Amino acid sequence: MNQSHKIAFKVAFIYIFIGVLWIIITDSFSMIQAKEDVQTYAMFQHSKGWMFIFITGVFLYIIIRYWTGKMLRSQKEFNLKDEQYQSLFKHNPDSVLELNLDGNVVSINPEAEKLLGYQSDMLKGKNANQLINWNESEKVSVFFIQSLQGEAVKFETTIQNMSDEERIIRVTFMPIIVQTELLGVYAIVRDITELRREEELMIMSEKLSVIGHLAAAVAHEIRNPLTSLKGFVQLMDLTKEVNPMHSDIMLKEIDRINIISSELLVLGKKQEVAFRKIDLGDCLQQVFTLMKAETNLNNIEMEYRVKTAEPVYIMADSIELKQMVINIVKNSIEAVSDNGKIDISLDILDDHAVFSVSDNGIGMVPERLERIGEPFYSTKERGTGIGLAICQKIIHRLEGEMHFESEINKGTTVTIRIPLATTL
């Protein structure tokens with residue numbers, strides 16, 4: 001029963017109630033007057049109908065005025081709320097799309113028109129899945145169905161606008177529920193394309209900084225096998241003979257140069273970030289080989305231990321992962337003095353790959369530990385703090401976590417947990 005029916009029913013009920021009450025009271029009074037004074041009885045009988053009309057009219061006027069005023073106030077409040085919601089919809093800095101239960105567009109706000117390049121009338125009635133890249137549509141459909149169950153859902157995807165330009169967006173699906181009835185879904189969309197580009201530029205900038213930092217140590221590490229190669233070549237030139245033992249040593253030295261230079265080149269290569277199933281143990285071994293050059297240069301002992309016999313597979317981008325580990329090891333190198341020690345270990349715990357980098361360096365006070373990872377905050381005199389901020393960004397992409405333990409003059413341990421790749 002709607003509001004108007006309820007009010008009409010109440011007015012009719014009150015009118016009937018007053019009428020019945022009036023008949024009972026006036027009939028009783030009339031019977032008394034008929035016995036006592038016939039003239040008074042006649043006057044009362046003649047005027048009681050007019051009195052009823054007047055009294056019920058006053059009652060109905062008061063009641064209808066009260067309910068009408070209440071309805072007008074409710075309508076005014078409703079209109080005010082509606083204007084507020086419309087203002088929030090139209091002037092929202094994020095793009096907002098109203099979708100029905102089938103995922104068809106009901107309306108979009110001006111910001112969504114700018115993002116998509118379409119006018120509201122052009123999209124009205126069309127399925128929103130048409131805007132999503134074909135390889136993402138199935139994932140988005142799952143999130144949409146989840147939102148129809150009354151749950152707000154957040155995710156990231158890519159779309160093609162009217163100019164056929166790909167944009168990266170962060171979407172929140174929010175169910176539209178009115179009086180316990182699900183009417184549709186609001187899609188609140190934020191364009192994060194530029195943010196992602198800035199993050200990639202920041203990561204690339206830090207990567208180039210790491211490569212520049214490693215260059216001197218790598219050059220020093222390569223110089224040693226080159227010296228050996230030169231000596232053997234000069235010896236062969238003098239003796240005019242090829243010694244198989246010398247050839248074997250030369251090949252090993254050449255392989256060593258190739259491994260170090262290849263890792264440095266791969267680290268600097270710009271490519272699209274694509275997660276693949278990789279062996280974390282192999283990745284750490286490659287970083288260990290590359291960073292060994294710098295630890296040797298600084299007279300620092302570095303060890304790498306694998307505590308599990310199983311291969312440790314995770315879903316990641318190998319270049320980003322190497323950059324993250326190099327940043328952490330580089331921080332340890334800078335924290336220790338000559339004759340220092342760095343330990344790298346890898347294990348599997350609770351369906352997570354867990355690796356740690358420990359050093360016996362200067363350590364950090366608790367106040368500094370709380371701010372680790374903030375961009376532009378660094379514990380080093382000439383540091384920018386960007387390195388660990390990027391490490392945290394990469395770990396966040398891997399759905400992992402990073403934990404620091406440190407004590408002044410005793411050292412620091414960085415522990416990283418990353419979910420293992422699911423077996424297909």
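How many salt bridges does the structure hold? The structure holds eight of them, a salt bridge being a side-chain nitrogen of Lys or Arg within 4 Å of a carboxyl oxygen of Asp or Glu.

## Basis of the model

This is a predicted model, in which local features need pLDDT of at least 70 and side-chain atom pairs count only at pLDDT 80 or more, while totals for chains, interfaces and linings use all residues. Residues are numbered from 1 along each chain as its sequence is written, and side-chain values use heavy atoms, with hydrogens and water left out.

Five strands form an open sheet in the order 2-1-5-4-3, with antiparallel pairing; strands, like helices, are DSSP runs numbered from the N terminus (helices are H or I with at least four residues, strands E with at least two), and two strands pair if DSSP finds at least two bridges between them. At the edges lie strand 2 (105–108) and strand 3 (153–160), each of which pairs on one side only. Neighbouring strands of this sheet are turned by 30° against each other on average, direction ignored. Helix 5 (residues 137–147) packs on the sheet and touches strand 1, strand 3, strand 4 (166–178) and strand 5, its direction making about 140° with that of strand 3; contact means heavy atoms within 4.5 Å, and axes are lines fitted to C-alpha atoms, for helices over the stretch in contact, with angles from 0 to 180 degrees between N-to-C directions.

Strand 1 (residues 95–99) and strand 5 (residues 181–191) run antiparallel and are joined by five bridges, and Glu 98 has Tyr 186 in strand 5 as its bridge partner. Ala 187 also belongs to strand 5 and is buried, because its relative accessible area is 5%, where buried means under 20%, exposed over 50%, and partly exposed in between (1.4 Å probe, protein chains only). Leaving aside residues up to four places away in sequence, Ala 187 touches Ser 95, Val 96, Leu 97, Leu 99, Val 171, Thr 172 and Phe 173. The C-alpha atoms of Ala 187 and Ala 128 are separated by 9.7 Å, although these residues are 59 residues apart along the chain.

## Salt bridges

Arg 190 forms a salt bridge with Asp 94, in which the closest N and O atoms are 2.9 Å apart. Because Arg 190 lies in strand 5 and Asp 94 in the loop between helix 2 (38–90) and strand 1, the pair ties together parts that are 96 residues apart in sequence. Arg 190 is partly exposed at 44% relative accessibility, whereas Asp 94 counts as buried at 14%.

A salt bridge also links Arg 170 and Glu 156, with the closest N and O atoms 3.2 Å apart; Arg 170 lies in strand 4 and Glu 156 in strand 3, so this pair ties together parts that are 14 residues apart in sequence. In another salt bridge the side chains of Arg 417 and Glu 401 meet at 3.6 Å, N to O, and because Arg 417 lies in strand 12 (residues 411–419) and Glu 401 in strand 11 (residues 401–407), the parts tied together are 16 residues apart in sequence. Salt bridges that share partners join Glu 165, Arg 167, Asp 191, Glu 194 and Arg 197 into one network.

## A nonpolar surface patch

Phe 9, Phe 13, Phe 17, Leu 21 and Ile 25 form a nonpolar patch on the surface, with about 560 Å² of accessible area together. Patches are made of residues with over 30% relative accessible area and no salt bridge, like charges being joined within 9 Å and nonpolar side chains (Val, Leu, Ile, Met, Phe, Trp, Tyr) within 5 Å; accessible areas come from the Shrake-Rupley method with a 1.4 Å probe, and for residues only the protein chains shown count as cover. Leu 21 lies in helix 1 (residues 3–36) and counts as partly exposed because its relative accessibility is 41%.
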